Amino acid sequence: MEDFLVVGLILLVVIGLYLSTYLLNKNTEKPQDTEILKCGACSSLHCNVRDKKEVQPDKCEIEGLN
């Protein structure tokens with residue numbers, strides 16, 4: 001029974017660390033004098049760069065490899 005509690009506690013700590021670092025990263029503002037890539041080439045559904053209002057995903061700076 002103690003092993004189950006230890007594994008559960010470790011799992012909760014790992015998930016908590018992941019969520020807290022994700023939220024801290026999402027809320028961090030970009031440094032001055034940097035440019036956000038304007039790209040829609042990646043297939044990530046949760047892209048923080050593409051979701052910003054200033055980014056236009058239809059204007060991609062990366063050319064296709066075809």
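Here are some friendly notes on the structure above, point by point.

1. **What you are looking at.** This is a predicted model, in which local features need pLDDT of at least 70, side-chain atom pairs count only at pLDDT 80 or more, and totals for chains, interfaces and linings use all residues. Residues are numbered from 1 along each chain as its sequence is written, and side-chain values use heavy atoms, leaving out hydrogens and water.

2. **The overall build.** The protein chain has two helices and zero strands; helices (H or I, at least four residues) and strands (E, at least two) are DSSP runs, numbered from the N terminus. Of its 66 residues, 8% count as buried, where buried means under 20% relative accessible area, exposed over 50%, and partly exposed in between (1.4 Å probe, protein chains only).

3. **Helix α1.** Running over residues 2-27, helix α1 has 26 residues and reaches 37 Å from its first C-alpha to its last, close to the 38 Å expected at 1.5 Å a residue. That expected span is 1.5 Å times one less than the number of residues. How many of the 26 residues of α1 are buried? The number is zero, so the helix lies largely in the open.

4. **A nonpolar patch.** L11, I15, Y18, L19, Y22 and L23 form a nonpolar patch on the surface, with about 600 Å² of accessible area together. Patches are made of residues with over 30% relative accessible area and no salt bridge, with like charges joined within 9 Å and nonpolar side chains (Val, Leu, Ile, Met, Phe, Trp, Tyr) within 5 Å. A salt bridge is a side-chain nitrogen of Lys or Arg within 4 Å of a carboxyl oxygen of Asp or Glu. Accessible areas come from the Shrake-Rupley method with a 1.4 Å probe; for residues, only the protein chains shown count as cover.

5. Y18 and Y22 both lie in helix α1, four residues apart, about one turn of the helix. At 55% relative accessibility Y18 counts as exposed, whereas Y22, at 32%, counts as partly exposed.
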